[in-house]
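Here is a short briefing to read alongside the model. Please keep the sequence and the 3D view open as you go through the points.

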Amino acid sequence: RRAMGGAAWAGRRAGGAGACASSTTTAVAMRHGLRATTRARGGGYLDYDAALAKEFVKVEVPALLFPQSETLLPGSKLTLHLYEARFLALLEKAMSDTGGLIAQLTFLPSDNGDEEGLRVNASATLARIEAVHRAEVGARVEVVGEARMKLEDITTREPYIAGLFTHIPQMGDVGTYNPSDDELAQVKEVTDYIESAVNDVLLLSDKLLGDKKDVANVGASTDVDDDDDDGLWTHKEVGNLRLAMEWVDAPSITVERIEEKISMADAKWIERPVDFAHSSLTRAERVSFAVLQIAPASTPSDLQKLIACRAVAMSTDHGLMDRLRLGVSVLDDQLQTLRAKVALKNLSL
């Protein structure tokens, strides 16, 4: 309880200075022609010269279009069932040209229900193909979300969608807000609390699932229908908290790394360099996405809340501390539900 109080305080204290200063202060500075290095109230600073000089590389990536309610976050996994010729052509393109990297675009329905008026979100997910399982008809493709990116333009719609994308920077990157030591300590405090809560969720998941659990898949949603193959392509999300947390410490993959045409067989995206380790800020960024997973015993109401949290996490209007606070909220709700379920299970034994 004491740790949670400190974590909540850190989230409130750092949220405005750390998360909001990056976008708001930059916009004001550019509008008024300000330059130089400016410090915010939290003690951090933003180097405007570096921000203005930052070059964003546009990379063309083939894309699949999903409803916003099915957003693939960095660290989450998805299984795609591809049948139609255009989606199989997209698969071949990704495997031969982009090292198995594709984009997930999401959309909101149009106001009048017209399919032509779909509103595509500018924030997209860079996804990496992990495995392809060929079938008599089509293919089953396993992908993992790797990073957020911004849709700059649609380059083609036939036979499949492709677009130009740029990387969305994270706090601490060149040209972004650089937090103070106090703010870094606050980020660490919240991140430590989240990782402790994750361990509790996994422990309670073990107790709840008991002999029913798949040892390699603890923390995964148990109400996914593998046989739901209706439509041109269908998919299932594997809400696995344990695998998502393992992803946190894997090498970062961003769209800027696609520097030239490369096949999936030749790409070494997840090859880990000697003595590799993320900075504390990068790791916190990855944790902030990875924790937004479906837990065992989740209700439809829980899922709707999680969908809303994921939409916030993908938005560029919200920063690192906002996402970490979301993670704390989601985990606390999951812990409350799991503790109740485990208690009921113990009473029935």
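## Overall picture

In the protein chain, 72% of the contacts with a separation of 6 or more are between residues 24 or more positions apart, a contact being heavy atoms within 4.5 Å. This is a predicted model, in which local features need pLDDT of at least 70 and side-chain atom pairs count only at pLDDT 80 or more, while totals for chains, interfaces and linings use all residues. Residues are numbered from 1 along each chain as its sequence is written, and side-chain values use heavy atoms, with hydrogens and water left out.

- The protein chain has eight helices and ten strands; these are DSSP runs numbered from the N terminus, with helices being H or I of at least four residues and strands being E of at least two.
- Of the 349 residues in the protein chain, 46% count as buried. Buried means under 20% relative accessible area, exposed means over 50%, and partly exposed is in between (1.4 Å probe, protein chains only).

## Helix α4 and its two partners

Two packed helices are described by the angle between their axes and the distance between the axes. Here, axes are lines fitted to C-alpha atoms, for helices over the stretch in contact, and angles run from 0 to 180 degrees between N-to-C directions.

- Helix α4 (residues 181-209) packs against helix α6 (residues 280-290) at an angle of about 40°, and their axes are 10 Å apart. The two helices are therefore oblique to each other. For reference, angles under 35 degrees count as roughly parallel, over 145 as roughly antiparallel, 65 to 115 as roughly perpendicular and the rest as oblique.
- The crossing of α4 past α6 is left-handed, the term used if the near helix is turned anticlockwise from the far one by less than a right angle (clockwise would be right-handed).
- On the α4 side, this contact with α6 is made by L184, V187, T191, I194 and E195; on the α6 side, by S280, L281, R283, A284 and V287.
- By class, the residues in the contact of α4 with α6 are six nonpolar, two polar and two charged. Ala, Val, Leu, Ile, Met, Phe, Trp, Tyr, Cys and Pro count as nonpolar, Asp, Glu, Lys and Arg as charged, and the others, Gly among them, as polar.
- With α5, helix α4 packs at an angle of about 150°, with the axes 10 Å apart. That makes α4 roughly antiparallel to α5.
- The crossing of α4 past α5 is left-handed. The residues in contact are E195, V198, V201, L202 and D206 of α4, with L241, R242 and M245 of α5.
- The contact of α4 with α5 has five nonpolar, no polar and three charged residues.

## Salt bridges

Side chains of opposite charge can pair when their charged atoms come close. A salt bridge is counted when a side-chain nitrogen of Lys or Arg is within 4 Å of a carboxyl oxygen of Asp or Glu.

- By this rule there are 13 salt bridges.
- One of them joins R134 and E92, whose closest N and O atoms are 2.8 Å apart. R134 is in strand β7 (residues 123-134) and E92 in helix α3 (residues 85-97), so the pair links distant parts of the chain, 42 residues apart. E92 is partly exposed, at 38% relative accessible area.- R128 and E146 also form a salt bridge, at 2.9 Å from N to O. R128 lies in strand β7 and E146 in strand β8 (residues 139-156), so the pair ties together parts that are 18 residues apart in sequence.
- Both ends of that pair are buried: R128 has 10% relative accessibility, and E146 has a relative accessible area of 4%.
- E142 and R140 meet in a salt bridge of 3.3 Å, N to O. E142 is partly exposed at 25% relative accessibility, and R140 is partly exposed at 33%.

## Loop details

- Q68 is in the loop between β3 (59-67) and β4 (77-82), and is partly exposed with a relative accessible area of 23%.
- Q68 and A311 are 243 residues apart in sequence, yet 7.3 Å apart in space, C-alpha to C-alpha.
- Not counting residues up to four places away in sequence, Q68 touches T106, F107, L108, N121 and A311.
- The peptide bond from E158 to P159 is cis, with omega near 0°. P159 is found in the loop between β8 and β9 (161-167).
- D275 has a positive phi of about 60° although it is not a glycine. D275 is in the loop between α5 (241-248) and α6, and is exposed, with a relative accessible area of 77%.
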